[in-house]
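Please take a moment to look over the structure before reading the notes that go with it. The report is written for a reader who is new to protein structure.

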Amino acid sequence: MADNLTHNLTVLGSVTTSTLTAWRGCMVVKRARQPEKPLVLYDMEACPYCRRVREVLTALHLDADIRPCPKGGRRFRPEAEARGGKQLFPLLVDENTGAVLYESAAIVDYLFSTYGGRSVPGYYKPLYNTPVLGNMASAASALRGLSSKPSNAPAQPLHLWSFEGSPYSRLVRERLCELEIPYRVHNLGKEHWSEIGPAKRRLKSGPYQPKAGGKRDAFFQEHGDVMVPYLEDPNTGEAMFESADILDYLDRQYAV
């Protein structure tokens, strides 16, 4: 009972984080073509500037290889410094174009222009109060995903189906970051107004039917519904929905 209460309170904090960030990173602005080589993002989950980049990855339906770099982390921070010259996050590496970019504003511009073929929409441009709200959003999630925790490294990166604004997915990403577990994020942003709302209480009533031919449709055809988070671990063959179950699995399998 206590564990359920704690988890529900944690979810509530994550909902507050999504609210403070105006629920960016939920809807797809434009479905971009996946590049031949995956984008690599050196990332700190609790960092509001990293969050801005992840929001845009969802907006463009782009997948990416996430290299968690929490404070005190030793697994990917040296690698990030070797590739970019300093330990500053976010750091985006695009092997398709040779781009190596720091600063969230520069990365957001790059992603929309290179993969969206357009300028940054107003909804994704920073406002005067964006830094304050970003810090408040991180505080609402109790700064989870900021500092490293001892862990065993997986032989292969994990796979997470998620979208940035999902409060439940955020809980899993926070733990992956703290444990410095690399993963490929498969963004499943909402592609139509009828998908707005939680998986079991969507705005449009009746049987769920995703937009034909989209990423959500492909996921639906395989799993019979579209719910996130969904985790697959190629190291153990485990695959599961539900944030609480995933968190328990990650702690049992990788935490020290």
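What follows is a report on a predicted model, arranged by topic.

As a general point, the strands of a sheet pair through backbone hydrogen bonds, and they may do so in a parallel or an antiparallel way.

Strand β7, which covers residues 230-233, runs antiparallel to β8, and 4 bridges join the two. Within this pairing, Leu231 has Met240 of β8 as its bridge partner.

Which strand holds Asn187? This residue belongs to β6, a strand that spans residues 183-187. The relative accessibility of Asn187 is 3%, and because buried means under 20%, Asn187 counts as buried.

The side chain of Asn187 is joined to that of Thr58 by a polar contact of 2.8 Å. Leaving aside residues up to four places away in sequence, Asn187 touches Leu57, Thr58, His61, Leu62, Asp63, Ser162, Phe163, Glu164 and Lys215.

## Salt bridges

The model has a count of 15 salt bridges. One of the pairs is Glu45 with Arg54, whose closest N and O atoms are 3.1 Å apart. Glu45 is buried, with a relative accessible area of 3%, and Arg54 counts as buried as well, at 5% relative accessibility.

A salt bridge also links the side chains of Glu178 and Lys149, with 3.4 Å from N to O. Glu178 lies in helix α6 (residues 167-178), while Lys149 lies in the loop between α5 (130-140) and β5, so the pair ties together parts that are 29 residues apart in sequence. Are the two residues of this pair buried or partly exposed? Glu178 is buried, with a relative accessible area of 7%, whereas Lys149 is partly exposed, with a relative accessible area of 41%.

Asp248 counts as partly exposed at 41% relative accessibility, and Arg252 is exposed, with a relative accessible area of 57%. Elsewhere among the salt bridges, Asp43, Glu45, Arg54, Glu164 and Arg173 are joined into one network by bridges that share partners.

## Thr19 and Pro167

Helix α1, made up of residues 2-20, contains Thr19. With a relative accessibility of 45%, Thr19 counts as partly exposed. How many residues separate Thr19 and Pro167 in sequence, and what is the C-alpha to C-alpha distance in space? They are 148 residues apart along the sequence, and their C-alpha atoms are 9.7 Å apart in space.

Conventions:
Residues numbered from 1 in each chain as written. Predicted model: local features only at pLDDT ≥ 70, side-chain atom pairs only at ≥ 80, totals over all residues. Heavy atoms only, no water. Buried < 20%, exposed > 50% of the residue type's maximum accessible area, 1.4 Å probe, protein only. Polar contact = N/O pair within 3.5 Å; in protein donor to acceptor, adjacent residues only side chain to side chain. Contact = heavy atoms within 4.5 Å. Pairing = 2+ DSSP bridges. Salt bridge = Lys/Arg side-chain N within 4 Å of Asp/Glu carboxyl O.
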